[in-house]
Amino acid sequence: MNKNYIIPNEWAIIEEGFNVENVEASESLFSIGNGSMGQRANFEEDYSGKTFQGSYIGGIYYPDKTRVGWWKNGYPEYFAKVLNAPNWIGIRIQINATNLDLNVCKISNFRRELNMKEGWLGRSFKAILPTGEEIEVHAKRFISVKYNEVGAIEYSIKAVNFSGEITFSPYLDAGIENEDSNYNEYFWETLKIVEGVNQGCILAKTLKTEFHVATAMEVDFAINGKNVAATHISIIEEKALTYTYKLKVSQGETATIYKFASYVSSLNYEKGNLIEAGFKNVTEAKNLGFAQLFQDQKDSWATIWETADIIIEGDIKAQQGIRFNIFQLNQTYMGTDARLNIGPKGFTGEKYGGSTYWDTEAYCIPFYMATKDASVAKNLLMYRYNQLGKAIENAQKLGFKNGAALYPMVTMNGEECHNEWEITFEEIHRNGAMVYGIYNYVNFTQDFEYVVKNGLEVMIAISRFWHQRANWSEVKKQFVILGVTGPNEYENNINNNFYTNYLAKWCIEYTVECLNKIEEKYPQDFKRIVAKTNLSGEETYKWIKVADNMYFPFDEEKQVFLQQDGFLDKELIPVKDLPKSERPINQKWSWDRILRSCYIKQADVLQGMFLFEDKFDKEVVERHFDFYEPLTVHESSLSPCVHSILAASIDRMPKAYEQYLRTARLDLDDYNHEVHEGCHITSMAGTWMSVVQGFGGMRVWENGVLSFNPQIPAEWKSYSFTINFRGNVLKVYKSQTDCKFYNESEKELKLMVNNMEVIIPSNQLLTV
Ligand code: BGC
């Protein structure tokens with residue numbers, strides 16, 4: 001795998017020169033999407049080399065049969081995965097009688113560009129076919145943000161050295177399989193193929209989940225930019241529909257096909273109306289025309305960037321990295337549909353099945369909350385609220401009672417999909433992240449109404465879980481939580497993971513605090529919730545006893561909280577002393593060796609200090625950072641960002657910058673040798689936090705005041721970002737010498753800057 005082949009550019013991801021080794025990595029990196037659907041950057045024309053074709057629709061999933069070594073009671077029956085959906089980008093191309101296939105042509109001037117400013121994917125190249133014809137190709141494709149069921153392609157071919165025939169065969173193919181299918185099963189059934197004039201549609205349904213999806217296309221042609229009429233011959237196969245158009249060109253002329261396509265699904269339409277809806281979308285798209293759709297796309301992205309952009313001056317790779325992260329986050333989730341969420345790979349690959357993880361609450365919410373309207377983060381919270389019933393069932397299956405909820409580690413519809421006992425049953429800290437997400441949202445937005453209407457029910461169910469999951473230790477005379485896996489998945493079945501115990505205690509305390517507030521300020525709602533959840537004062541008293549008497553492993557000599565009981569029995573050899581050839585350890589060592597080692601996959605104790613930094617003095621954070629970071633291998637994409645933020649908070653800027661580069665360019669520079677599988681979308685929100693919370697020092701703690709403590713890496717000239725804070729738009733700028741805040745809104749804004757209170761009147765600039 002070629003690392004570092006992406007050309008640095010402020011606004012674009014660019015690849016120059018065709019290298020078969022990079023095809024699958026580029027398919028991930030150049031992915032496009034609009035929050036509702038997305039796809040890998042596969043070629044439109046046939047390609048016989050190694051490729052991973054992928055196109056995905058948010059919310060359309062399949063319960064694949066699980067694969068486990070030895071079945072354990074309590075395992076879920078299936079693993080839901082977002083399905084690789086019918087392919088709409090395909091355009092088979094023949095020059096005279098020869099198929100265009102980059103794997104067998106002589107290629108020059110190959111260039112691929114993902115234009116992040118305007119939201120499109122472009123590709124151009126010159127190719128000499130095995131039969132000698134030379135062509136020049138320019139292709140552009142995007143998935144519309146404004147018309148979120150529509151995508152469009154403009155694909156032009158210039159006949160460089162010949163006069164003859166160019167055959168375009170646009171097709172729809174529902175014969176698609178998931179690369180990660182557990183038993184190589186086929187997940188789609190084709191129901192109907194419908195032909196029209198220059199348009200066609202395939203109606204297919206997913207097996208078992210019975211989602212119906214219509215994939216429609218409509219095409220148009222031009223020669224030298226002028227529209228021409230063309231007629232087709234159609235080929236209808238069992239699962240595919242292909243139209244063949246032959247266009248005559250003279251040497252030097254350019255033939256262009258425009259392909260407009262649409263996915264519509266039974267998530268949003270009556271099943272009987274899908275074909276009509278698909279045709280309507282593509283006809284409207286064709287009538288608007290490629291140029292207009294393209295203009296709309298540029299406008300949509302300009303609006304997104306207004307609040308989302310981070311500008312870094314003086315470090316082009318850092319600039320490209322941060323924009324890539326922000327761009328991919330927006331391509332994955334736009335926040336308009338509470339049924340959707342953010343899969344760790346988004347629409348760029350199949351690992352993690354497109355399902356929802358604790359990543360959303362622990363990492364993604366801050367980004368969406370601060371760069372978009374508050375309704376977006378609220379939709380993410382509503383997603384979990386709507387799945388509360390399933391989380392209670394999930395806990396019941398494991399033996400919990402009385403409305404206790406255990407949110408799944410991995411889910412599509414609220415049911416647990418993961419089945420490895422050490423994660424499914426033991427990685428229960430995820431439950432705490434659900435409450436943390438609510439807490440974070442309420443502090444930032446001050447929308448306490450959410451807790452009253454929805455959040456408290458989730459919190460009660462989770463507090464019930466912690467109360468039941470902890471047990472009294474007669475020896476310790478405290479409550480303990482046994483048999484867990486912390487965020488560091490390189491340790492399983494441990495006792496008293498500091499992070500888990502801390503979250504459990506905190507969840508109970510925060511729930512009780514909210515209960516008291518609601519009892520006092522919203523007595524009617526209090527009655528309603530207490531009746532609905534059957535909660536008694538006696539029960540909450542028992543929770544408080546657990547919280548007040550929670551045990552935390554602590555070493556007096558080192559003055560550090562231990563990741564778990566017995567951590568100091570390990571042989572503590574810092575990561576820097578491990579030979580490079582043995583890393584990443586998850587690819588080089590046996591699992592047995594990893595489990596016994598001291599190496600930490602991702603922030604664990606430090607994850608707690610990151611989430612609850614206000615509860616720990618700076619020296620305490622420093623001491624724990626110095627103890628744990630040297631033992632951390634950062635083999636989860638979620639790790640570097642947390643370390644970058646903590647390092648900045650304890651004034652370790654070189655370390656913060658090192659970890660920042662790792663998180664920001666994780667995929668672009670393929671740190672983990674796996675970008676061909678897809679990009680790490682959820683950790684991209686961590687990259688955003690590294691700038692805004694890390695370098696910018698932004699915090700909103702319990703007092704609800706927005707505060708900053710800006711610092712800047714020595715490598716940068718300046719950086720700036722925008723925050724949407726309770727309807728106020730605030731721009732923050734930091735250079736090596738200056739720090740400025742611009743309140744772009746109509747209301748004055750109170751801030752803490754470097755621990756001093758400042759008030760910025762509306763539309764005023766404050767220089768600190
Ligand atoms: C991490 C988890 C994370 C998951 C999905 C794993 O490698 O250890 O914490 O939830 O990836 O991003």
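Predicted model: local features only at pLDDT ≥ 70, side-chain atom pairs only at ≥ 80, totals over all residues.

Modeller: Residues are numbered from 1 along each chain as its sequence is written, and side-chain values use heavy atoms, with hydrogens and water left out.

Colleague: Which residues surround the ligand?

Modeller: A residue is near a molecule if one of its heavy atoms lies within 4 Å of it. By that rule the ligand is surrounded by P344, Y352, Y357, W358, D359, E489, K601, Q602, S636 and L638.

Colleague: How many Å is an N or O atom in the side chain of Q602 from an oxygen atom of the ligand?

Modeller: A polar contact is a pair of N or O atoms within 3.5 Å. A side-chain N or O atom of W358 is 2.9 Å from a ligand oxygen, and a polar side-chain atom of E489 lies 3.0 Å from a ligand oxygen. For the side chain of Q602, the distance to an oxygen atom of the ligand is 2.6 Å.

Colleague: Are α6 and α9 roughly parallel or roughly antiparallel to each other?

Modeller: Helices are DSSP runs of H or I with at least four residues, numbered from the N terminus. Axes are lines fitted to C-alpha atoms over the stretch in contact, and angles run from 0 to 180 degrees between N-to-C directions. Helix α6 (residues 374–386) packs on helix α9 (residues 429–445) at about 155 degrees, with the axes 11 Å apart. Angles under 35 degrees count as roughly parallel, over 145 as roughly antiparallel, 65 to 115 as roughly perpendicular and the rest as oblique, so α6 and α9 are roughly antiparallel.

Colleague: What is the hand of the crossing of α10 and α12?

Modeller: Helix α10 (residues 449–469) and helix α12 (residues 523–533) pack at about 40 degrees, their axes 11 Å apart; they are therefore oblique to each other. A crossing is left-handed if the near helix is turned anticlockwise from the far one by less than a right angle, and right-handed if clockwise. The crossing of α10 and α12 is right-handed.

Colleague: Which residues in α18 does α17 meet?

Modeller: Helix α17 (residues 618–628) packs on helix α18 (residues 639–649) at about 135 degrees, with axes 10 Å apart. Contact means heavy atoms within 4.5 Å. From α17, K618, V621 and F625 meet, in α18, H643, L646, A647 and S649.

Terms used: Helix = DSSP H or I, 4+ residues; strand = E, 2+ residues; numbered from the N terminus. Polar contact = N/O pair within 3.5 Å; in protein donor to acceptor, adjacent residues only side chain to side chain.
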